[in-house]
Amino acid sequence: MFKCHSSSTLTELDMSLKAALVVDPVMVSTSGDVLAGPSIITGFREELFPIADIVTPNLKEASALLDGLKIKTVSDMRSAAKLLHDMGPRNVLVKGGDLPDSLDAVDIFFNGEDIYELRSSRIDTRNTHGTGCTLASCIAAELAKGSSMLESVKVAKCYVETALDYSKEIFIGNGPQGPFDHLMRLKNNIHKSAGQVRFNPSDLFLYAVTDSGMNRKWGHSISDAVKAAVEGGATIVQLREKDIETRDFLEAAKLCLQICRSHGVPLLINDRIDVALACDADGVHIGQSDMPTHVARALLGPEKIIGVSCKTPEHAEQAWIAGADYIGCGGVYPTNTKANNLTIGLEGLKTVCLASKLPVVAIGGINTSNAQSVMQIGVPNLKGVAVVSALFDRECVLTETKKLRTLLMEATQVMK
């Protein structure tokens, strides 16, 4: 926390800064205690804010900085963010953890042009002392690693939320408000999933999506089909089993996870967050009508992979803000795998790719006859194709996977 001593001190600070300046105006604590008087408020407004890259006030601090402006709704938070931005900082994050009558924890981020509502689940815990300082420190750490401002804010928000949730039932301290559990990461490492596969965008190259109906048609078990796909060169697997009992799905997922982990291939579960948690899968893939992405992220934590189905640039933007790792875009071509699936074509795919800040995998009607055309549309964040029937509606999954992988490799060589 910088102290506001004099203009000369802050001028020297401004000239010496080579990295981003994150200002957390510690003025009013979450518990309501006033920590700074009028002279400090003046120092923030006139001297620190003009050189700040981002300021991160809570609701009470934002109100104090704006001469007692009442902030009781998300609309009020938006207005406050804009007014604070007028004081000079390049970015403003108004933290809404204390927003009355809100079921979500809502923060407002404003960069001078665009305004973002960053929502996450509200965690019921007393261990909240120090969350604001931790959030600001995490933003600074992410910026130091080279992340963009909005991405740094999202990562920091996710970290704080995960730590709050992880330690919500731990009794820390003797006062009415417990301290934020900064040892969450250390303790979490003790329980961390053995063999957890970290996401790499290149994992999307050959994305195999299972189908129980096709497996039954050819007499394949789910685990046998997955084993064949992985051995044939699939780089990521999604279990999409819509007509199977939960108990059977869970048991199959556990078997498939062992197979995938032994090959270093991520295993995702379609839609079913409960199954993903129960079998400790590497992540999930969700659609626009499934559980909201920010809720899935809150449940799964920061380490798990989350993919989101997107058909429009707006969907892609929302997925990025909510904390997704990649998007699946399609249907590129007509398909019988999913009923009433709107076809967007290669141009629609390219439009979404160009708008997306996340890596993209194409899906929908892709097979050996058209996969190369998809990979050659000329956008760098298109990382692969996702296929269902081209692999699993075949007698020999292994052969078809090898064939498709060869075609994709040829397509990428041509692009180079």
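Which residues are buried in helix α2 (residues 38-48)? They are I41, G43, F44 and L48, where buried means under 20% relative accessible area, exposed over 50% and partly exposed in between (1.4 Å probe, protein chains only). This is a predicted model, so local features need pLDDT of at least 70 and side-chain atom pairs count only at pLDDT 80 or more, while totals for chains, interfaces and linings use all residues. Residues are numbered from 1 along each chain as its sequence is written, and side-chain values use heavy atoms, with hydrogens and water left out.

**Helix α2**
- Looking down the axis of α2, the buried residues sit within an arc of 155°, so they line one face of the helix.
- On the face turned away from that buried side you'll find the exposed residues P38, S39 and E46.

**Helices α5 and α6**
- α5 (residues 131-144) and α6 (residues 149-166) pack at an angle of about 140°, and their axes are 8 Å apart.
- That makes the two helices oblique to each other (angles under 35 degrees count as roughly parallel, over 145 as roughly antiparallel, 65 to 115 as roughly perpendicular and the rest as oblique).
- Among the α5 residues that meet α6 are L135, I139 and E142, with contact meaning heavy atoms within 4.5 Å.

- Most residues other than glycine have a negative phi, and most peptide bonds are trans.
- The peptide bond from G330 to G331 is cis, with omega near 0°.
- D271, not a glycine, has a positive phi of about 70° and is partly exposed at 24% relative accessible area.
- D280 has a positive phi too, near 60°, and lies in the loop between α11 and β11 (283-286).

Definitions and conventions
Helix = DSSP H or I, 4+ residues; strand = E, 2+ residues; numbered from the N terminus. Arc of directions from axis to C-beta. Axes fitted to C-alpha atoms, helices over the stretch in contact; angles between N-to-C directions.
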